[in-house]
Amino acid sequence: MSALKIVNARLGDAGQLGATLWVENGRFVERLSSSELTFETLDVAGGLLLPGLVETHIHLDKACIMERCRLQEGTLAEAVAQTRQAKTGFTEADVYARGARVLEKAIVQGTTHMRTHVEIDPGIGLTGFSAVRRLQADYAWAVGLELCVFPQEGMLNNPGTEALLCQALEQGAEVLGGCPYTDSDPAGQIRRLFELAVEYDRDLDFHLDFDLDPAGMTVQEVIRCTERHGWDGRVTIGHVTKLSALPQDELLAVGRALAQAGVRVTCLPSTDLFLTGREHFHNKPRGLAPLAHLHRCGVTCSLSTNNLGNPFTPYGDASLIRQANLFANVSQLGTGEDLLRCLGWVSSESARLLRLADYGLAPGCRADFIVFDAASPAAVVAELSPPTMGFKGGRKTFERPLPRLLPPR
Ligand SMILES: [Zn+2]
């Protein structure tokens, strides 16, 4: 690939006008390695340049199945049961086709890296895993995809599940996930998954808890295991909606313990808002993990999409900017600094959570970037700006023409 010169870019809040960036061999460089190298010039005409968005938690395998399900209660239990039923009809071609639809939506929303959870159990076997593996290869031109295999329907209560998880890990699944809240022995599942993570040298990502009762938290078990196994920086807990039910002093104590242990937290605003608090008719709780407070304790956090078009979340256009805006709105985060932090939770902080070493716009980083027609990074979140174009490894992956008004002459 020849090199790329990007001119008239706006970088960051300071609105540095007219910045020039160089890309060679798919990475940003200070200058080209040789003056004889040919390059293309990309004039972004004052557009705001940001590194590509990072999705830390999505389910490609069970997306876009609403027409196969019947929602009556809108509860978590119903979502798990309806999806279990729909899953009996999943084939590799079907998972591939639905996953591809979501990936293509995500690409045009500016996502350049994604961790997808993949369900493994004796019912579905490795069918979903094989389909998503093919998506990983076929869409590598636009998205870096990592697979997190996990037991959605429990592990210790579901014989055969652990052996299948090990098979997926042996076939190269990048991350090991957990779902203690559906297991007959939640703490037992956590402990067993830590043993497997150490054995296979994998990071862990748990769907930890999913209700608003502060009793029965398993977060302390995760912290204990992380410290015991020295898995600092390699463990993420998602949902953790119980954190939203804690009074401030208790929350801050948990936040400090999470930061100390190096356990990261992901909030899935769309799903958590849809499923929790159903038992309340009035004064409904919001039920979102309070990332701003956790961040102040030193916890690395991310916001993610989780599901699209299924009983867990019947919505979704795969826009991480939308999740950032939704979280900001529901969490009453409105200052420029707040909005910038929300943007970080779908970009730089997400990259830190996934331990992406070469993320950003600095020389040496992979040239995965997107361009916005927006006044500032905070305005991207405030105004739900869609990216106008995106690049992966310095190669253009999509473009979105700006809308044009047609007033009468
Ligand atoms: Zn999930």
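The zinc ion is held by four residues: His57 (NE2), His59 (NE2), His207 (NE2) and Asn306 (OD1) coordinate it at 2.0 to 2.2 Å. Donors here are N, O and S atoms within 2.8 Å of the metal (3.2 Å for Na, K and Ca), and since water is not among the atoms, sites may look incomplete. Keep in mind that this is a predicted model, where local features need pLDDT of at least 70 and side-chain atom pairs count only at pLDDT 80 or more, while totals for chains, interfaces and linings use all residues. Residues are numbered from 1 along each chain as its sequence is written, and side-chain values use heavy atoms, with hydrogens and water left out.

What is the geometry of the zinc site? With angles of 85 to 174° among the 4 donor atoms, the site is irregular. Four donors count as tetrahedral if all angles lie between 85 and 135 degrees; four count as square planar and six as octahedral if opposite donors are over 155 degrees apart and all others between 65 and 115; anything else is irregular.

Along the chain, the zinc donors follow the spacing H-x1-H-x147-H-x98-N. His59 sits in the loop between β6 (53-58) and α1 (76-87), and Asn306 in the loop between β13 (301-303) and α10 (320-330), so this pair ties together parts that are 247 residues apart in sequence. Helices (H or I, at least four residues) and strands (E, at least two) are DSSP runs, numbered from the N terminus. His59 is buried, at 1% relative accessible area, and Asn306 is buried too, at 2%. Buried means under 20% relative accessible area, exposed over 50%, and partly exposed in between (1.4 Å probe, protein chains only).

Now let's turn to charged pairs. A search of the whole structure finds 26 salt bridges, each a side-chain nitrogen of Lys or Arg within 4 Å of a carboxyl oxygen of Asp or Glu. In one of them, Arg134 meets Glu92 (2.9 Å, N to O). This pair links distant parts of the chain, with Arg134 in helix α3 (residues 127-138) and Glu92 in helix α2 (residues 92-108), 42 residues apart. Arg134 is partly exposed at 38% relative accessibility, and Glu92 is partly exposed at 28%.

Helix α2 also holds Arg98 and Asp94, which are 4 residues apart and therefore separated by about one helical turn. Their side chains form a salt bridge (3.0 Å, N to O). Arg98 is buried at 3%, and Asp94 is buried at 15%.
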